[in-house]
Amino acid sequence: MAINEKVIPISDVKMGIKAETSFGVGLDSSGNDGTAYRQLNIVQPSKPTFNITRESRLLSGRGTVKNAADTLINMRGGTVTTPFEMVATPKLLVQHLALVGQEHSETGSTVHTTEFDGTSNATYVGGSLSGNIPHTVNLAYYPAAGEGIKVCGAMASDLSLSCDYGSNAGYLSMSGNYFSGFSKTETTSTALEQTFDGTWVDPETSYYHIGGLTTKQLECEDSAAVDLVLKGFNFNISNGVNRVGFNANGNAEAYAIPEYVITGDITIKHDANFDYGSGANVIQDFLDGDTLTLALKWGDGTVDAAGEMNILAEIQYTGDPAQDISENGLFHTLAFECVQNGSTEALKIECINGESQSAW
């Protein structure tokens, strides 16, 4: 057979997600999805990786070379993982927070809230849905007609939110990994060789820029919150999801979520508000194990207009504050973890996007 000159640039590959109406079930069992996928604004989409069991054995009587007939491959009981990285938009951010946090509420079909408080976040995924929680999606990877991969039962095992003047032009970015316990392909679930004929919803073009932050405040030495000069921040959310059980096809019957771990860091200017002196000593906060409130807000704090968002975190420093030295002056890099503080959530993110979760 002659060679084929076909070349597919990475920019031709589409990736998209759409919410499942039932845990791990393909939304169109025929293979041609008739409902819309929300396209992910990923620069270089990554193929889903099937983590299944393969055992290559050298049996007695076969000599010194393994025989092809003695290889065992089992798709049941495996997982599927897919990394992602993109600039955050209001709709994608809200949905990915629900995918990693398994908690969500909304007001007026426009203001969405995800919080991490030790009691509200789901400890398992499976069974019936209430208000789209627990939340899983169909994930589409689509290089060309007939080459698509549909992964069912996908949630986010981890999500990182980062915003820095030196990265992605200063826009808020999110990255992480999708996780699925549906590694056994079938017509009504995870499937290969798909043609996704349904409508694709284009990514939004609304973003969050670090220069648009209107509130940047942090407590220091148990004082009231004071303003800071910000260089960048990161939040890393992980839920430790694991698959549980085997259905009739060998796919997961549920997922277990043992612990939500939230870590991060923030780089702020060394000045009279945050230094090594009395009353503003970031080193003393670390040594004392203080719990401090961090507030980052786009907008006036009410979250009632397009583009507004509040990030509220209760943080404890996890290491001696490091120095970040550049031509801009002396900065601190404060590594932290988010912790529940009485009735105050470890992390709470409110965002407005003008769409109810029912449209997911």
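These are my notebook entries on a few spots I looked up in this structure.

**Ground rules.** The model is predicted, so I kept in mind that local features need pLDDT of at least 70 and side-chain atom pairs count only at pLDDT 80 or more, while totals for chains, interfaces and linings use all residues. Residues are numbered from 1 along each chain as its sequence is written, and side-chain values use heavy atoms, with hydrogens and water left out.

**Helix H1.** I started with H1, residues 90-101. Helices here are DSSP runs of H or I with at least four residues, strands are runs of E with at least two, and both are numbered from the N terminus. H1 has 12 residues and spans 16 Å from its first C-alpha to its last, close to the 16 Å expected at 1.5 Å a residue. That expected span is 1.5 Å times one less than the number of residues.

Next I asked how many residues of H1 are buried. Buried means under 20% relative accessible area, exposed means over 50%, and partly exposed is in between (1.4 Å probe, protein chains only). I got 12 of the 12, so H1 is largely enclosed by the rest of the structure. Among them are Lys 91, Gln 95 and His 96. Just after H1, I noted Gln 102 with a positive phi of about 50°.

**Aromatic rings.** My search of the whole structure turned up 14 aromatic pairs. Rings of Phe, Tyr and Trp (its six-membered ring) pair if their centres lie within 6.5 Å; planes under 30 degrees apart are stacked, over 60 edge-to-face, and the rest tilted. I picked out Tyr 37 and Phe 196, an edge-to-face pair at 5.5 Å centre to centre with 75° between the planes. This pair links distant parts of the chain, 159 residues apart: Tyr 37 is in strand E2 (residues 37-39), and Phe 196 is in the loop between strands E11 (191-194) and E12 (200-201). Tyr 37 is buried at 1% relative accessible area, and Phe 196 is buried at 4%. I also found Phe 23, Phe 179, Phe 182 and Tyr 255 linked into a cluster by ring pairs.

**Charges over rings.** I counted a charge as over a ring if NZ of Lys or CZ of Arg is within 6 Å of the ring centre and within 35 degrees of the ring normal. The charged end of Lys 231 sits over the ring of Phe 331, 5.8 Å from its centre. Arg 243 lies over the face of Phe 246, 5.0 Å from the ring centre.

**Thr 107.** Buried or exposed, I wondered about Thr 107? Thr 107 is exposed, with 55% relative accessible area, and lies in strand E5 (residues 105-107). Thr 107 and Ser 356 are 249 residues apart in sequence and 8.9 Å apart in space, C-alpha to C-alpha.
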